[in-house]
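Student: Hey, I've just opened this one up. Can you walk me through it?
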Amino acid sequence: MLANAHRIVVKVGSSSLTSIKGGISEESLTALADALAAKRNTGTEIILVSSGAIAAGLAPLGLAKRPRDLATQQAAASVGQGLLMARYTQAFGAHGVTVSQVLLTAEDLMRRSQHTNAFRALNRLLSLGVVPVVNENDTVATHEIRFGDNDRLAALVAHLVRADALVLLSDVDSLYDGPPSLGAKRIPLVEGAHDLDGVSIGKTGKAGVGTGGMLTKVEAASMAAGSGIHALVTSTPNAAAALNGEDVGTWFTVNGARKPVRLLWLAHVASVQGRLVLDDGAVKAIRHHRTSLLPAGISAVHGDFEAGDAVEIAGADGTVVARGLVNYSSAELPQMLGRSTRDLGEALGSGYDREVVHVDDLVLV
């Protein structure tokens, strides 16, 4: 599949490109650029989602470890992003390939106009033969609105650009059914969640410079496969072999249909600010008839949220059935519960005759 793919999103982690002591690894970055440029020069469109900006900025700033506070992370990213792009420009340029920098925030995929513009820009860059290098815009991102890790960002970008495949590279060559040091076996193929039953998946990387680990790779690969995009998890040294279609890593085959990127963000990435509890009739209407959520079906409101925030939607037994973007704040909703939109419009004004969550802003989970 990868050997014949027309458009591929490749994600590489900080641990594959940088170290705390040495900054950017010239050898690792050049080897990766060599593999991707070779594939690009055969006519395949490549988008590289690259971590490493914060890690690359640590050594120049004299920082001994990845900072925990947001301001210092942003400072490190500001320094490191330029260094990283300079190295990519040089490494890809040796093969006659031009790269560009694309920095995204979660809001760029939340809002329809912004993700449409992001798609157009990336699509145009690809048509011009450029390899876009994408990263989260760490310098301006906030704790409240961020992707959390670049694995999920890569899965969302793959959907945004309608890629044929997603390749997630790290310092681990494959997913195993247990600790490799104890003789565990490689898992070559995942066709669905059942193939991961009983598999212990590590949560952190080795190098201490990234935010993800094998768990985030599996989550991102599963997100992609469940939404119509094949995914491969393997190590960065295997990049060339993987792009040539060799049997390396763990392949996640498609097991679901493509979804709008905004709903994918809502289902997997959005930070939930509250919960709406529904009666049985409303749960049935949402789950089986794909309707908007009206005030009449809500029995309780939990949390502190504003209009436009993401909330969980649960049944009376606590089972979460959906996520959605709410049209009212937690302060407004209590007076609306159990009432029809017509009644609310007459009693409170025309602004209160809307759905609590529109069907276009709702995703089943």
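Tutor: Strands (E, at least two residues) and helices (H or I, at least four) are DSSP runs numbered from the N terminus. This is a predicted model, where local features need pLDDT of at least 70, side-chain atom pairs count only at 80 or more, and totals for chains, interfaces and linings use all residues. Residues are numbered from 1 along each chain as its sequence is written, and side-chain values use heavy atoms, leaving out hydrogens and water.

Student: Ok, in what sense do S1 and S7 pair?
Tutor: Parallel: S1 (residues 7–12) and S7 (residues 165–170) share five bridges. One of them links valine 9 to leucine 166 in S7.

Student: What's the strand order in the open sheet?
Tutor: The eight strands run S5-S6-S4-S1-S7-S9-S10-S8, with mixed pairing. S5 (99–104) and S8 (189–190) are the edge strands, each pairing on one side only.

Student: Which strands does helix H4 lie across?
Tutor: H4 (70–93) lies across S1, S4 (45–50), S5 and S6 (131–136), at about 150° to S5. That angle is between N-to-C directions, on a 0 to 180 degree scale, with axes fitted to C-alpha atoms, for helices over the stretch in contact (heavy atoms within 4.5 Å).

Student: New topic: where is arginine 162?
Tutor: Arginine 162 sits in the loop between H7 (150–160) and S7, with a positive phi near 55°. Most residues other than glycine have a negative phi.

Student: Is arginine 162 buried or exposed?
Tutor: Exposed, at 57% relative accessibility. The cut-offs are under 20% relative accessible area for buried, over 50% for exposed and partly exposed in between, using a 1.4 Å probe and protein chains only.

Methods
Two strands pair if DSSP finds at least two bridges between them.
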